Amino acid sequence: MNFQTSPSPYDLANLNVLVVDDQEDVRGGLKRLISSLGCQVETSSSAEDALQALKAKPVDIVFTDLKMGGMSGEELLKEINQRWTDIVVVLITGHGTIELAVACLQNGASHFLTKPFDNKEILAFVERVGYGVLAKRQVKNQSKRKKGQSFIAVGNKMRRVLELVEQVAQRKVPVLIEGASGTGKELVAREIHNRSPVSEKPFLAINCIALPDSLLESELFGYKKGAFTGAHKDSTGLFEQVQGGTIFLDEVSSMSPLFQGKLLRVLQEKTVRPLGSNAEKHVDFRVIAASNQGLKKLVEKGDFREDLYYRLQVMNIFLPALNERQECIPALTSYFLKQASSEFFYEEYQLPKISPAAMDALSNHTWPGNIRQLENTIQRALIINKGETILPSHLGLSDETSVSESLLEQELTSYEESKKQAIEAFQSEYVQTILQRTNGNISHAAEMCGLTRAALQRIMRKLEQEQIRTN
Ligand SMILES: Nc1ncnc2c1ncn2[C@@H]1O[C@H](COP(=O)(O)OP(=O)(O)OP(=O)(O)O)[C@@H](O)[C@H]1O
Ligand SMILES: [Mg+2]
């Protein structure tokens, strides 16, 4: 099964929400409801407390009652607008204050909710606005991350990849990077950008699988104030922000047919029309796309537009799985050891050696999670290794001892653990079947099994993390 392996920056668990209401039942109810999406939710019983909470910790969305003893929700909104312009503010109103709430929309509030609440409406709102906030944060973090990263390439296959990287870096052509999860597609995309003549311009990545269609469109194309609920100010899309740099479209195979058509048009015309606007804007960028499924096969099955495929893969780079480039393993291992020790230890640290048996185990492992899994294995070994040498037992890869240990564990498995395993087995089989039926189309699969796309993706990620943990 082809799961996405990285812990997604678009996971709603990364979203911080603050609920402000002087009524305890409202605070508690909203906290329970919004937490069910996986978000981090804090509460405050007054606007004054809320301001303290906002100073202490970054918050993405504030839900606030309008009428409270002391400072009102309207005043809190004004304060937030002045100090934290990125925070999305949602007002909670009773029947008596609807007019005031509408007036507050003119003053920077994004939305208002009337009591009694419509739970579905609240969840849909938090999901939509939440993914938008996370997408923006992700783009802001782009420049901070991955500085000083090296690209390790040993052996003929990877030398060929490096040559291609060098060639395509010098030309502003679209590039399609294919390879299984964790093989380094994003790193290669950054490498191409960094070696290109526009390396000083932005490299903006967007993960197409993590965002619903509507959000992909608003993030990439931008929107005008009022184009949809929550669009409280104009927003420039990534195609415009990138200004001659590189747009990286990750997991491009998961785009819906409708969105594929819209993307094709942008690539052909080099213009975008922000949502809610009538004016076309000229844009300038190079596109690099990545997919961990063979796009050609999807084209043959009719799941990906042929014309878009040819537009994207003017140049094609395929990254082999790690077990097909074992010659890279020693170099990658020592690179990850150095990286992890400078990241994890405060003091100067004597790098441990790797025993020949441990290196053998690393070289012969099958690595279903590819380089990312090797990286995690080395990080873990560095932390648990107590002596000077990393031994096979520090790697946590399955071998004779760990198999018999796991058998022993099985005999002693508690009721809760057995239940967890049974649920995981059921989820895994169910997800595989439904994805097979929909040819891997997550939106259709979610629709068929009555889940939201985000909920189905959460299950898939959990299963995959479990799969990697047990490998
Ligand atoms: N050749 C390499 N040299 C050094 N580090 C690498 C190399 N290839 C991958 N990595 C590291 O392995 C991890 C996974 O790489 P990356 O995120 O680029 O993979 P991916 O193919 O995009 O995975 P996914 O399909 O799951 O998104 C990253 O931490 C990356 O820095
Ligand atoms: Mg990736």
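## A salt bridge to start from

At 33% relative accessibility, Arg305 counts as partly exposed. This is a residue in a predicted model. Its partner is Asp307, and the two form a salt bridge. The closest N and O atoms of Asp307 and Arg305 are 2.9 Å apart. Asp307 has a relative accessible area of 36%, so Asp307 is partly exposed as well. Elsewhere, salt bridges that share partners link Glu166, Glu191 and Arg195 in one network.

## The chain as a whole

How many helices and strands does the chain have? There are 19 helices and 16 strands. The chain has 471 residues, and 46% of them are buried.

Contacts can also be sorted by distance along the sequence.

Side chains of opposite charge can pair when their charged atoms come close. The whole structure holds 13 salt bridges. Among them is the pair Glu186 and Arg190, with an N to O distance of 2.9 Å. Both residues sit in helix α7, which covers residues 185-194. They are 4 residues apart there, so about one helical turn separates Glu186 from Arg190. Are these two residues buried or exposed? Glu186 is partly exposed, because its relative accessibility is 24%. Arg190 is buried, because its relative accessible area is 8%. The cut-off for buried is under 20%.

Glu280 and Arg273 also meet in a salt bridge through their side chains. The N to O distance for this pair is 3.4 Å. Glu280 has a relative accessible area of 34%, so Glu280 is partly exposed. Arg273 is partly exposed too, at 41% relative accessibility.

## Helices α13 and α15

Two packed helices are described by the angle between their axes and the distance between the axes. Here the pair is α13, residues 329-344, and α15, residues 370-384. Their axes come within 9 Å. They cross at roughly 55 degrees. Therefore α13 is oblique to α15. The crossing of α13 past α15 is right-handed.

Which residues make the contact? From α13 come Leu332, Thr333, Phe336, Leu337, Gln339, Ala340, Ser341 and Phe344. From α15 come Ile371, Leu374, Glu375, Ile378, Gln379, Leu382 and Ile383. These contact residues divide into 10 nonpolar, 4 polar and 1 charged.

Ser341 belongs to helix α13. Its relative accessibility is 10%, so Ser341 counts as buried. What does Ser341 touch beyond its neighbours within four places in sequence? It is in contact with Tyr349, Leu351 and Leu382. Leu382 is also one of the α15 residues in the contact with α13.

Ala331 is placed in helix α13 too. At 28% relative accessibility, Ala331 counts as partly exposed. Leaving aside neighbours within four places in sequence, Ala331 is in contact with Ile152 and Val154. Ala331 and Ala153 are 178 residues apart along the chain. Their C-alpha atoms are separated by 8.4 Å.

## An enclosed helix

Helix α8 covers residues 213-221. Of its 9 residues, 7 are buried, so the rest of the structure largely encloses α8. Which residues of α8 are buried? They are Leu215, Leu216, Glu217, Ser218, Glu219, Leu220 and Phe221.

## A buried loop residue

Where does Ser256 lie? Ser256 is in the loop between β10 (246-250) and α10 (257-269). Ser256 has a relative accessible area of 18%, so Ser256 is buried. In sequence, Ser256 and His444 are 188 residues apart. In space, the C-alpha to C-alpha distance between Ser256 and His444 is 9.7 Å.

Key. Residues numbered from 1 in each chain as written. Chains lettered and ligands numbered in written order. Predicted model: local features only at pLDDT ≥ 70, side-chain atom pairs only at ≥ 80, totals over all residues. Heavy atoms only, no water. Axes fitted to C-alpha atoms, helices over the stretch in contact; angles between N-to-C directions. Helix = DSSP H or I, 4+ residues; strand = E, 2+ residues; numbered from the N terminus. Parallel < 35°, antiparallel > 145°, perpendicular 65-115°, else oblique. Left-handed = near helix turned anticlockwise from the far one by under 90°. Contact = heavy atoms within 4.5 Å. Nonpolar A, V, L, I, M, F, W, Y, C, P; charged D, E, K, R; others polar. Buried < 20%, exposed > 50% of the residue type's maximum accessible area, 1.4 Å probe, protein only. Salt bridge = Lys/Arg side-chain N within 4 Å of Asp/Glu carboxyl O.
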